[in-house]
Amino acid sequence: MAMTDAAAAAAPHEPVRIGIVSISDRASSGVYEDKGLPALQDWLTRALHNPISFEARLIPDEQAGISATLVELVDTAGCSLVLTTGGTGPALRDVTPEATLAVAHKEMPGFGEQMRQISLKFVPTAILSRQVAVVRGQALIINLPGQPKAIAETLEGLRAADGSQLVPGIFAAVPYCIDLIGGPYLETRDEVCKAFRPKSAVRQR
């Protein structure tokens, strides 16, 4: 039965479980403080209306361990979205994309393409980034850059001085993607990142 406008307006935002994974040999061994997990948690808390349960992991650059963590977050912890940071460059220890693809049911190449387009506005070395995004079951897994500033830029996109959107960020497509794979209905705060859905997929409040 379709939800009435009044019922939709009164309905609470759906809770969501999100995995956040920082991948770094040095941070995971205590050589320096990890900044990836706080950056991810802060941005997601600001961007979403939904109540969020975070599953945070700080792990080294080990391919088998990264894959196992992603499987655990999706299959056991029940995360609908998993964001990783770190390990996506060309260095010998950078194996996050390989570990992510190894547990994928479907690859979503548009996310990586858009992240590199955004980062190229700032640095020519963005072409060295190898971020990927995949679907595993009913979860979306996205590799993000390693720096907090770059994380926010790729998620939000680029804005002009007047606040208008110049380049869309990747998170604008995340809620509808999660709709399509059977996950919870994510609702974003427009001032941070306005999600895009076809009109037929928008729930009125």
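Colleague: Which residues lie nearest the centre of the largest pocket, and how many line it?

Modeller: In this predicted model, the largest pocket is lined by 32 residues, and those nearest its centre are T85, G86, P145, G146 and Q147.

Colleague: And how much space lies in there?

Modeller: About 720 Å³ of space lies in the largest pocket.

Colleague: Which elements give two or more residues to that lining?

Modeller: Those elements are β1, α2 (residues 25-28) and α7, and the largest share, four residues, comes from α7.

Colleague: Back to T85, then. Which way does it point from β3, and is it buried or exposed?

Modeller: T85 points to one side of β3 together with L81 and L83, while V82 and T84 point the other way, and all of these residues are buried. In a regular strand, side chains alternate between the two faces of the sheet.

Colleague: Why is β3 described as largely enclosed?

Modeller: Five of the five residues of β3, which covers residues 81-85, are buried, so the strand is largely enclosed by the rest of the structure; buried here means under 20% relative accessible area.

Colleague: Which strands pair with β3?

Modeller: Strand β1 (residues 16-23) runs parallel to β3 and is joined to it by five bridges, with I18 standing opposite L81. Strand β6 (residues 139-144) also pairs with β3 in the parallel sense, over five bridges, and there V82 stands opposite I141.

Colleague: Changing topic, which residues have the most contacts inside the largest nonpolar core?

Modeller: That core has 31 residues, and the ones with the most contacts inside it are L81, L140, I142, L144, F171 and V174. Several elements give two or more residues to this core, among them β1, β3, β6 and α8 (174-180), but α3 gives the most, with six residues.

Colleague: What does F171 touch?

Modeller: Leaving out residues up to four places away in sequence, F171 touches W43, L44, L48, L81, L155, T188 and C193.

Colleague: And where does V82 go, if L81 is in the largest core?

Modeller: V82 belongs to a second, separate core of 16 residues, which also includes V74, A99 and V103. In soluble globular proteins, nonpolar side chains tend to be buried together.

Terms used. Residues are numbered from 1 along each chain as its sequence is written. This is a predicted model: local features need pLDDT of at least 70, side-chain atom pairs count only at pLDDT 80 or more; totals for chains, interfaces and linings use all residues. Side-chain values use heavy atoms; hydrogens and water are left out. Buried means under 20% relative accessible area, exposed over 50%, partly exposed in between (1.4 Å probe, protein chains only). Two strands pair if DSSP finds at least two bridges between them. A nonpolar core is a set of buried Ala, Val, Leu, Ile, Met, Phe, Trp, Tyr and Cys residues joined through side-chain atoms within 4.5 Å. Contact means heavy atoms within 4.5 Å. On a 1 Å grid over the protein atoms alone, a cavity is a set of points where a 1.4 Å probe fits but cannot get out, and a pocket is an open set with protein on both sides within 12 Å along at least five of seven lines; lining residues have an atom within 4 Å of a point. Grid points are joined across faces, edges and corners, and a volume is the space filled by probe spheres set on the points.
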